[in-house]
Amino acid sequence: MQVRELMNPSVVSVSTTDSTALAARLLSRHNVGALPVCTSDGRLRGIVTDRDIVLRCIAAEEDPAQTPVREVMTRGCYTVGPEDDCRQATRLMATRQVRRLPVVEGGKLVGMLSLGDLSRSHRFDMEASQALSEISENVLRPQK
């Protein structure tokens with residue numbers, strides 16, 4: 001099964017110049033944990049997560065209304081293409097410890113794929129469960 005069949009093509013994104021406060025409101029309004037950061041023509045520049053906002057803005061005592069997304073976003077995020085195999089995407093999520101992958105075609109964002117999307121398909125629920133287990137195991141493991 002291809003990523004195209006499970007991805008969410010209706011993606012809300014922000015630009016690098018939008019405020020972190022706007023990104024937080026969009027995360028809340030759309031009940032998502034991450035937003036792709038794109039140029040005006042849809043090219044992916046990074047991703048901003050709720051965790052990025054908390055750690056790089058709030059905990060750093062920066063003003064979210066005055067802090068542009070480019071200062072808190074994660075650059076160089078992992079991506080998949082719409083024609084990629086879903087099992088390959090699941091393995092990438094597990095090895096790179098991510099729960100969501102932007103789907104890029106021709107350099108432009110065309111969707112998002114999450115572990116939830118994979119698990120709802122029932123064809124990949126075991127793979128998604130394994131990926132989540134590996135992600136959670138590394139998050140919960142004490143740092144040395």
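Residues are numbered from 1 along each chain as its sequence is written. Because the model is predicted, local features need pLDDT of at least 70 and side-chain atom pairs count only at pLDDT 80 or more, while totals for chains, interfaces and linings use all residues; side-chain values use heavy atoms, leaving out hydrogens and water.

Select N8 first. N8 sits in the segment before α1 (20–29); helices (H or I, at least four residues) and strands (E, at least two) are DSSP runs, numbered from the N terminus. N8 is partly exposed, at a relative accessible area of 35% (buried is under 20%, exposed over 50%, partly exposed in between; 1.4 Å probe, protein chains only). Now show G111, M112 and D117: N8 touches these, leaving aside residues up to four places away in sequence (contact means heavy atoms within 4.5 Å). V110 is 102 residues from N8 in sequence, yet their C-alpha atoms are 8.6 Å apart.

Next, select residues 34–38, strand β1, which pairs with β2 in the antiparallel sense over five bridges (pairing takes at least two DSSP bridges). V37 stands opposite G46 in β2. The two strands form a hairpin with five residues between them, and G42 in the turn has a positive phi of about 90°. Colour residues 44–49, strand β2, by accessibility: five of its six residues are buried.

Finish at the largest pocket. Its lining takes five residues from α2, the largest share.
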